[in-house]
Amino acid sequence: MIDKNILKFPNIKKILFLLISMTLLQAFAIVGQACFLAAAIVGLWNGQPLNNQLARILLFAVCFCTRHVVIFFRERILDRYAAEQASLLRKQLLTKVFRVGPRVIQQNGTGNVITMLLEGIDQVENYLHLILSKIVNLMIIPWVVLLSIVFFDWKSAAFLLIIFPVIIIFMIVLGYAAQSKADRQYKTYQLLSNHFVDSLRGIDTLKFFGLSKKYGKSIFKTSERFRKATLNTLKIAILSTFALDFFTTLSIAVVAVMLGLRLIDGHMLLYPALTVLILSPEYFLPIRDFSSDYHATLNGKNSMSAISEILAIKEEQVKQQALPIWSSQSCLKVHDLAFSYEDEPAISEVSLTVKGYQKIGIIGLSGSGKSTLINLLSGFLIPKAGQISLNGIEIPSFSQNDWQKQIIYIPQNPYIFRATLRDNIAFYQPNATVEQIDEAVRVVGLEQLVSELDQGIDTIIGEGSRSLSGGQAQRIALARAFLDKKRKILLFDEPTAHLDIETEVELKERMLPLMEGHLVFFATHRLHWMQEMDQVVVMDHGKIAEQGALENLKEKNGSFVHLSSSVGRL
């Protein structure tokens with residue numbers, strides 16, 4: 001039930017020590033309030049005036065207040081700690097996704113990764129809060145209460161001690177069933193999120209081919225599977241809660257009957273009997289609290305396990321070197337670069353020489369290696385072979401901090417966060433001024449979108465809020481790039497693949513000025529972009545078939561001309 005990764009969180013020992021100390025104080029307060037309440041009731045039962053019970057009532061109130069003050073401060077500590085660790089975990093996950101790059105998205109699915117970053121982290125935060133509180137309570141309070149009951153009546157304590165593991169065993173059996181159902185539910189949830197996001201992305205294409213209704217039915221079937229999995233999990237959770245309540249209530253009833261019979265026979269006094277009766281529900285309260293939140297902790301544990309799997313993805317350790325900032329005098333040389341996906345060659349014998357601010361067009365059919373080359377240049381992938389030299393400095397791969405800090409990477413589908421349009425534009429430059437953001441809006445042509453939004457640039461967009469077209473999302477990505485004046489290397493991976501030709505032509509007019517004064521690698525299968533490139537690289541089956549200036553490639557009548565004739569002329 002407890003994920004071992006919890007023990008790796010920062011300051012966890014300090015938090016556990018605080019929780020244990022506060023829970024011990026809470027346990028003693030529980031025993032104290034039971035003793036003083038029983039004493040006051042017995043005093044009144046014996047005919048003593050109320051004034052004589054004021055001291056006991058006051059002590060009961062002190063214990064009662066102490067108990068709930070401890071709970072209040074413990075919850076505040078756990079709230080703060082869980083929020084801090086969730087924030088840290090989100091940063092680690094984002095850093096890992098950015099560092100590993102598209103590989104983690106391909107392995108886990110876009111929808112799943114987004115769900116992890118949004119709902120998954122929140123579930124882990126809730127899990128941390130619940131599990132630490134419930135487990136410490138379960139470890140301390142029942143045993144302090146049981147020792148107190150031993151002092152008053154060892155027979156009742158013996159019965160409670162015997163029945164406790166029986167309930168635990170029963171809960172373990174139900175717990176395994178709930179775990180199995182929860183695992184199945186989480187897998188179905190991952191499938192649903194990936195399926196839904198992919199369908200949304202391709203909705204225009206699906207409509208064009210008349211397949212939108214078919215995919216609507218597919219989403220309905222997937223959501224039905226998730227609904228059934230959720231209901232099955234809830235059935236087990238409700239059954240376990242009912243069973244626990246039944247057994248604990250029955251156990252308290254048995255204790256009450258035993259005490260009552262001994263009171264009638266005169267073998268026991270009222271004060272210890274009443275104290276034991278008051279303490280018996282407190283003995284079972286921690287396990288009942290634990291059971292009531294068991295389903296929530298299962299969801300959090302599953303989310304934490306999924307996040308841990310991503311964080312545990314191995315990255316090849318690359319020796320970091322100090323690299324110069326790219327300038328008009330810089331030179332990059334790549335020789336015989338090669339990469340394979342699980343022993344399946346993706347690219348090989350790739351050699352490039354780039355100087356200063358150039359626009360390099362990378363073209364080829366699907367599967368020719370364009371995206372793999374972009375991912376290698378961005379440092380998301382580590383080459384299996386090849387030599388890389390930057391201004392004469394030899395580096396093993398592009399996974400260098402000094403290189404990646406100079407890169408702006410624009411994929412096919414830029415992610416739009418659930419935030420205002422202003423915050424989305426300034427996501428990588430949060431200190432950008434109003435004037436700078438307004439200029440970025442004007443340069444990339446977002447004025448029409450701003451005018452359509454109810455609250456202008458301060459309207460919430462993304463993740464179920466105001467929907468955007470593919471062209472609008474790309475404009476926002478370009479605006480982010482425009483705001484970052486320091487990064488001089490632009491990597492485009494099929495940025496217009498999902499846009500219609502009219503939108504692409506309009507967007508092209510906005511993109512070209514932004515490329516000036518930058519080193520640009522532009523991977524695409526749309527050949528009209530090559531007219532704007534200083535150098536064209538033709539990829540074919542993972543190798544460079546041709547490279548050079550556009551006019552030279554036309555004159556050669558080689559791979560470029562053959563590609564042009566197969567997909568459409570310039």
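**Helix, sheet and cores**

A: Helix α10 (residues 370–378) lies across β1 and β2, at about 60 degrees to β2. This is a predicted model, where local features need pLDDT of at least 70 and side-chain atom pairs pLDDT 80 or more, while totals for chains, interfaces and linings use all residues. Residues are numbered from 1 along each chain as its sequence is written, and side-chain values use heavy atoms, leaving out hydrogens and water.

Q: How is that angle defined?
A: Axes are lines fitted to C-alpha atoms, for helices over the stretch in contact, and angles run from 0 to 180 degrees between N-to-C directions. Contact means heavy atoms within 4.5 Å. Helices (H or I, at least four residues) and strands (E, at least two) are DSSP runs, numbered from the N terminus.

Q: And how do β1 and β2 pair, parallel or antiparallel?
A: Antiparallel, over eight bridges, with β1 covering residues 331–341. Strands pair if DSSP finds at least two bridges between them. Phenylalanine 339 has isoleucine 347 in β2 as its bridge partner.

Q: What's the strand order in the open sheet?
A: The order is β2-β1-β4-β5, with antiparallel pairing. β2 (344–355) and β5 (393–395) are the edge strands, each pairing on one side only.

Q: New topic: how many residues has the largest nonpolar core?
A: It has 52, and Ile6, Phe9, Leu132 and Phe284 have the most contacts inside it. Such a core is a set of buried (under 20% relative accessible area, 1.4 Å probe, protein chains only) Ala, Val, Leu, Ile, Met, Phe, Trp, Tyr and Cys residues joined through side-chain atoms within 4.5 Å.

Q: Which helix gives the largest share?
A: That's α4, with 15 residues.

Note on methods: Buried means under 20% relative accessible area, exposed over 50%, partly exposed in between (1.4 Å probe, protein chains only).
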